[in-house]
Structures are given as structure tokens and as C-alpha cells.
Amino acid sequence: LTLVTEFVLQGFSELPRLRLPLFGCFFLYIVALTGSAAIIAVVSRSASLRSPMCFFLCNLAATDIVRTSSALPKVLAGLASAENTISFPGCTAQLFFLTWSASSELLLLTVMAYDRYTAICRPLHSSSRMSPRRCRSLAVGVRAVCAFNGSLHAGLMTRPSFCGPNVVAHFFCESPPLLLLSCSPTLVNSILTVLADAFYGVVHFLLTLVPYGCPVTRRRRAFSTCSSHLLAVSVRYSAVLCARISPASSCSPERSKGSAALYTMLSPTRNPISYSLRNMEVTRALGRLVSYLNGLMVFPTFFNLSLNFA
């Protein structure tokens, strides 16, 4: 048998009429990168933004950069060329970074929900429960756990044999469409995929919602500060549950592509707006940074006006 050494990412080739509109994802990619980089620069530069929420915002922004950079450049390459190929090692590496970044975001959302709970419902204990040392430990723990999860998925993907068709019905390498191409048993991979997705998509969704119960029932006015976070969490987990909580045998390419577009394109673009531009401290710090850069003639004036409008 001839083993497959490279895969062809189908992408959106079955929708040739949408090729030009789909180039709009390039705009989303630029917005996501610019917004995430701006958050990291503002929080790192401003001495007033040293709260746990801002610290985790930086981690979330870095995660968004990794996720978008792992998927969208290959999407753009597929839109620009007739055939979009990726080597088997490259596909495995993309699977690792996407799994690592996607699962890291889910765990970071859980940690951020706990931080909001302590700040609103346990304000006297907030500084001790979310001390800088503990925040760093949580961030390192999230990265380590998700790196192990990504390594496990990428490592197990080398177990099945691929000797038949090599066209992946997706625009990036993901476990369910890859397992459909295997010519050997994939029961272990399928079970691990479902268990991991259930853990990250269901258990952590509940762990994220529980901390918001206190502001809803006890301090409804304080809950308004968490509404944008809760909306972002709901959209993010809806996409995950729709795209991932299903065995490989029942994977629907159309549903999988649509849901994956939410958490690889729209979610990183929305996060800077949901978590930062609605935070007045971050907005003011961003305005000071833009004014400083405008003084150096780095950014045009209309960028400052668009920030004021936002």
C-alpha cells in the first residue's frame, strides 16, 4: 500500500462563487492580529493595568494570535491557488497548535469567570485568591494541560494508516475529517476525541457558567460588567459544541466548516472588542498609546478617530 505523505485541504473549493467574498477572512485575520497585539502592548506598557483580568486578557490575546496564525494563512493560500496541499508533518503540527490554542482559550475563559466571581462576590478575598503569583501559576497550568492535550491528539494521529484518498473535507487539519480518511481502525482516536471535547466543551462550559450565578442572583447591577464576557462565552461554546461533540463517523463537512469558522475567524476578531473596548481602563490606556504613536507619526489620524468612536 502507498502511504499518504501529504493531504489536500478541500477548503471552500466546492463554493467557487464565494471565492472572492471569502477573501474577507484576510480582513478578519488582520483585525484579529492587530486587536490582539494592541491588547498585549497596552497591558504591558500601562502600569495601571496590572489586575488579574488584564493579565488573563494578555494570555487570551496571545492564544488568539496562535489560533488565527495556525489556520487562516493556509485558508488564504487555498483561496489563492487551485490546490491547497499540506504535508503530513505540517498537518500534525497544525493540529497540535489549533488544539492547544482552542483548549487554552476555553480554560482561560473558566479562569476569567472565576476571577469575576471573586471580584464581585468576594471582594475582600480577591487580592489573596487571585494574587499575581497564583495568576501566573494558573496561566502556566493552563498552557501545560493544553499542551499535553494537543500533544496527545497530534501523537495519536500518527497511529492510523492513511493509504487511500487524501482530500480533507475541511479548511484545516482537524481530527474528525482526518480520521475519515484512515484505512485502519480509529476507535482509540475517536474515543479520545469525544472524551476530550466533552471535557473541554461540556465540563468547562458548566464551570464557566457557575461563577456567573452569584452576580445574577445577588448583585444584578454588578452582573452588567460580566454581560459581554458571558455573551462571548456562549457564542464560543456554541461553536465548539456544534463542531466537535460528535464522533468522526457522523462528521458533517458543512456544519464543521461553519462552526470552525466561528472559533478560528470570528471569535479572535470579536474578543478584543468584547473583553477590551468595553473595559474603560483598557480603552483609556489604548487611547493614550494611540495618541503617543500618532505623535510619532506611526498611525494616521483616522485610526484615533475610529478608536474614539468605538
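This is a short tour of the structure, one selection at a time.

**Before you start**

This is a predicted model: local features need pLDDT of at least 70, side-chain atom pairs count only at pLDDT 80 or more, and totals for chains, interfaces and linings use all residues. Residues are numbered from 1 along each chain as its sequence is written, and side-chain values use heavy atoms, with hydrogens and water left out.

**Stop 1: the whole chain**

Show the chain as a cartoon. It has 14 helices and three strands. Both are DSSP runs numbered from the N terminus: helices are H or I with at least four residues, strands are E with at least two.

The chain exposes about 14,900 Å², and carbon and sulfur atoms supply 68% of that. These areas come from the Shrake-Rupley method with a 1.4 Å probe; for residues, only the protein chains shown count as cover.

How much of the chain is buried? Of the 310 residues, 49% are. Buried means under 20% relative accessible area, exposed means over 50%, and partly exposed lies in between (1.4 Å probe, protein chains only).

Next, think about contacts, meaning heavy atoms within 4.5 Å. Take those with a separation of 6 or more: residues 24 or more positions apart account for 78% of them.

**Stop 2: the largest nonpolar core**

Select V43, F56, M112, V142 and C146. In the largest nonpolar core, which has 22 residues, these five touch the most other members. Such a core is a set of buried Ala, Val, Leu, Ile, Met, Phe, Trp, Tyr and Cys residues joined through side-chain atoms within 4.5 Å.

Which elements give two or more residues to this core? Colour helix 2 (24-45), helix 3 (52-80), helix 4 (88-121) and helix 6 (132-156) to see them. Helix 3 gives the largest share, seven residues.

Zoom in on F56. Leaving out residues up to four places away in sequence, F56 touches L108, V111, M112, M130, C135 and L138.

**Stop 3**

Two strands pair if DSSP finds at least two bridges between them. Strands of a sheet pair through backbone hydrogen bonds, either parallel or antiparallel.

Begin with strand 1 (residues 6-9) and strand 2 (residues 85-87). They run antiparallel and are joined by three bridges. Then look at strand 3 (residues 167-168), which runs parallel to strand 1 and is joined to that strand by two bridges.

Click V8. On strand 2, V8 stands opposite T85. On strand 3, V8 stands opposite V167. Move on to L9, whose bridge partner in strand 3 is V168.

**Stop 3: two disulfides**

A disulfide is a covalent bond between the sulfur atoms of two cysteines. Here the rule is a pair of cysteine sulfur atoms within 2.5 Å. How many disulfides does that rule give? The count is two.

Select C91 and C173. Their S to S distance is 1.9 Å. The link is left-handed, with -125° about the S-S bond. C91 lies in helix 4 and C173 in the loop between strand 3 and helix 7, so the pair ties together parts 82 residues apart in sequence. C91 is buried, at a relative accessible area of 2%. C173 is buried as well, at 1%.

Now select C163 and C183. Their sulfur atoms are 2.0 Å apart. This link is right-handed, with 140° about the S-S bond. C163 sits in the loop between helix 6 and strand 3, and C183 in the loop between helix 7 and helix 8, 20 residues apart.

Are these two cysteines buried or partly exposed? C163 is partly exposed, with a relative accessible area of 21%. C183 is also partly exposed, at 40%.

**Stop 4: S182**

Pick S182, in the loop between helix 7 (175-179) and helix 8 (187-209). S182 is buried, with a relative accessible area of 17%.

Show the side chain. One of its polar atoms lies 3.2 Å from the backbone oxygen of S161. The backbone oxygen of S184 lies 3.1 Å from a polar atom of the S182 side chain. Leaving aside neighbours within four places in sequence, S182 is in contact with P160, S161 and F162.

Terms used:
A polar contact is a pair of N or O atoms within 3.5 Å; within protein, one must be able to donate a hydrogen and the other to accept it, and residues adjacent in sequence count only if both atoms are side-chain atoms.
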